[in-house]
Amino acid sequence: MRKNPWFIYSVLLLGIFVALEANAFTTPALPYISEYFGVSTANSGLLTLLSSGAAIALAPLFGRLGDQVGRKKVIVVGLVIFCIAQTMKVFTPVSWIYLLGALLQGIGYALIFPNVFAYIPELFPEQKRGRAIGLFMLFSYIATGTGGAIAGALIDVWGWRSVYATSATVSAIGLVLISIFIPKSEKGKQVALDYKGATLFMLLITLFVAMPLILTNFGPIMLLAGGIVFAVMLGIFIYMQKKTEHPVVDLKLLKLKGVYIPAILIAFQNFMMLSILMSLTFLTADNPNMTALQVGMITTVLFSSAAIFSPTIGVLLDRFNPVYLVFISLITGVIGIGMYLGVHMGSSIMYILAVMVFVGICSSFLNASLMKVILLFTPEDKKGVSTGTFSLFKDLGLPVGATLGLTIYGMSTSRGFESAIQAKAESLGLTGDQARQLI
């Protein structure tokens with residue numbers, strides 16, 4: 001396995017590149033897709049809900065599957081499904097086909113991401129894994145960074161469907177290269193996989209992510225009802241996992257400090273990052289003076305900033321305690337949040353991009369250092385399920401941040417619009433009924 005490990009690893013990273021660039025494509029395209037299907041800003045999170053739920057819930061299951069049948073097989077299947085999903089989005093005439101494509105995209109992502117990550121200990125000795133993680137993060141951020149600008153340029157010229165045509169093409173190229181150049185990985189012990197638990201878990205995640213949407217569309221009473229249903233389902237899921245010999249979520253792993261602390265931190269960081277990213281994306285798209293390319297640049301600057309630091313972080317991880325890098329990430333994150341609170345509709349694109357620089361640096365340092373911690377504190381025979389569990393929490397913060405950020409932004413802009421119209425109506429001497437009719 002370790003013959004030409006860097007070449008093998010670089011080809012493997014094409015799978016990560018494909019999966020993450022597709023997600024980056026979706027971010028600047030989402031305002032235009034929402035408009036095409038007639039979905040309001042506050043409800044735009046619905047378009048990514050199934051993709052997120054599948055990617056999060058199935059990552060541990062497919063990580064364990066890679067441990068058993070070999071990682072290459074699982075990655076190849078994931079790329080095939082991913083390519084089909086993107087092709088469906090290109091030709092979809094109606095929203096439900098788009099949503100089905102989103103579901104398949106999430107399944108493909110869950111097959112790819114944890115198994116590429118789990119290749120690191122197979123390919124590299126302990127003293128080189130930090131640099132491998134740095135390269136992993138570099139590919140990840142290049143994919144997400146270039147994806148925003150490319151998507152914006154494609155949308156300006158050919159419309160939002162062109163981003164998925166490009167993604168399908170890149171997926172097919174990655175599939176061919178990985179099929180040819182990647183050797184088979186070793187198979188582990190064959191055990192029964194908990195597909196029932198995975199299905200229930202996907203429903204749980206989807207319901208959890210949809211909570212802001214339930215509040216927006218149905219009010220607090222239905223939110224309370226949804227919370228009760230979620231609590232009952234969660235209790236059933238935990239009971240099932242304790243009774244299952246090989247559960248989807250290994251609760252024993254979550255008792256390790258080296259697993260649950262990184263999991264919580266990465267979920268919170270990604271929640272904040274996506275809340276900021278999505279709200280600024282829609283804010284810029286709503287500005288008539290901004291182009292789709294400028295909207296895409298928000299994503300590009302965020303992840304390009306992270307990519308610039310990734311190689312350096314990889315070297316530092318092999319020399320220093322990764323906890324030190326966690327503190328650096330938290331400092332830059334606080335600066336970014338402080339700047340974000342000063343953004344308004346009149347803010348320049350340069351100020352918005354400066355916010356994304358600090359958020360990107362925070363993301364780069366935190367992701368890489370926590371990945372190193374996970375690999376250090378996980379038993380060798382559970383690398384796949386542990387990386388899948390980490391992927392679960394890493395990705396959990398993304399859709400929650402996206403849906404909550406869009407919900408808050410949609411509600412605030414709607415109320416701000418009504419307030420502005422009300423004030424204008426009063427200045428013109430209109431009565432209350434006339435003002436309401438105008439709104």
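These legends accompany several close-up views of one predicted protein model. Local features are described only where pLDDT is at least 70, side-chain atom pairs count only at pLDDT 80 or more, and totals for chains, interfaces and linings use all residues. Residues are numbered from 1 along each chain as its sequence is written, and side-chain values use heavy atoms, with hydrogens and water left out.

**View 1. The whole protein and its confidence.** The protein has 15 helices and zero strands; helices (H or I, at least four residues) and strands (E, at least two) are DSSP runs, numbered from the N terminus. Of the 439 residues, 56% are buried, where buried means under 20% relative accessible area, exposed over 50%, and partly exposed in between (1.4 Å probe, protein chains only). The mean pLDDT, the predictor's confidence in each residue from 0 to 100, is 78, and 83% of residues reach 70 or more. Confidence is highest in helix α3 (residues 71-91), at a mean of 90, and lowest in helix α14 (residues 383-427), at 64. Where pLDDT is low, the predicted coordinates should not be read in detail.

**View 2. The nonpolar cores.** A nonpolar core is a set of buried Ala, Val, Leu, Ile, Met, Phe, Trp, Tyr and Cys residues joined through side-chain atoms within 4.5 Å. The largest one has 92 residues, and Tyr9, Ile120, Phe136 and Met356 have the most contacts inside it. Helix α1 (residues 5-37) supplies the largest share of this core, 16 residues. A second, separate core has 30 residues, including Leu61, Leu207, Ala210 and Val249.

View 3. Alanine 54 is part of helix α2 (residues 46-69). It counts as buried because its relative accessible area is 0%. Contact means heavy atoms within 4.5 Å; leaving out residues up to four places away in sequence, alanine 54 touches Ala59, Leu103, Gly106, Ile107, Ala110 and Met202. Alanine 54 and isoleucine 107 are 53 residues apart in sequence, yet 5.5 Å apart in space, C-alpha to C-alpha.

**View 4. Threonine 206 in helix α7.** Helix α7 covers residues 195-209 and contains threonine 206. With a relative accessibility of 18%, threonine 206 counts as buried. Its side chain reaches the backbone oxygen of methionine 202 at 2.8 Å. Beyond the residues up to four places away in sequence, threonine 206 touches Leu49 and Gly53.

**View 5. Valine 359 in helix α13.** Valine 359 sits in helix α13 (residues 349-376). Its relative accessibility is 7%, so valine 359 counts as buried. Apart from neighbours within four places in sequence, valine 359 is in contact with Met273, Ile276, Leu302 and Gly336. The C-alpha atoms of valine 359 and phenylalanine 303 are 8.9 Å apart, while the two residues are 56 apart in sequence.

View 6. The expected span of a helix is 1.5 Å times one less than its number of residues. Helix α6 (residues 161-181) has 21 residues and reaches 31 Å from its first C-alpha to its last, close to the expected 30 Å. Its buried residues include Tyr164, Ser167, Ala168 and Ser171. Helix α11 (residues 292-317) has 26 residues and should span 38 Å; its end C-alpha atoms are 37 Å apart, which agrees. A bend is the angle between axes fitted to the seven residues ending at a residue and the seven starting there. Helix α11 bends by about 40° at serine 310, and proline 311 follows within four residues.

Conventions. A polar contact is a pair of N or O atoms within 3.5 Å; within protein, one must be able to donate a hydrogen and the other to accept it, and residues adjacent in sequence count only if both atoms are side-chain atoms.
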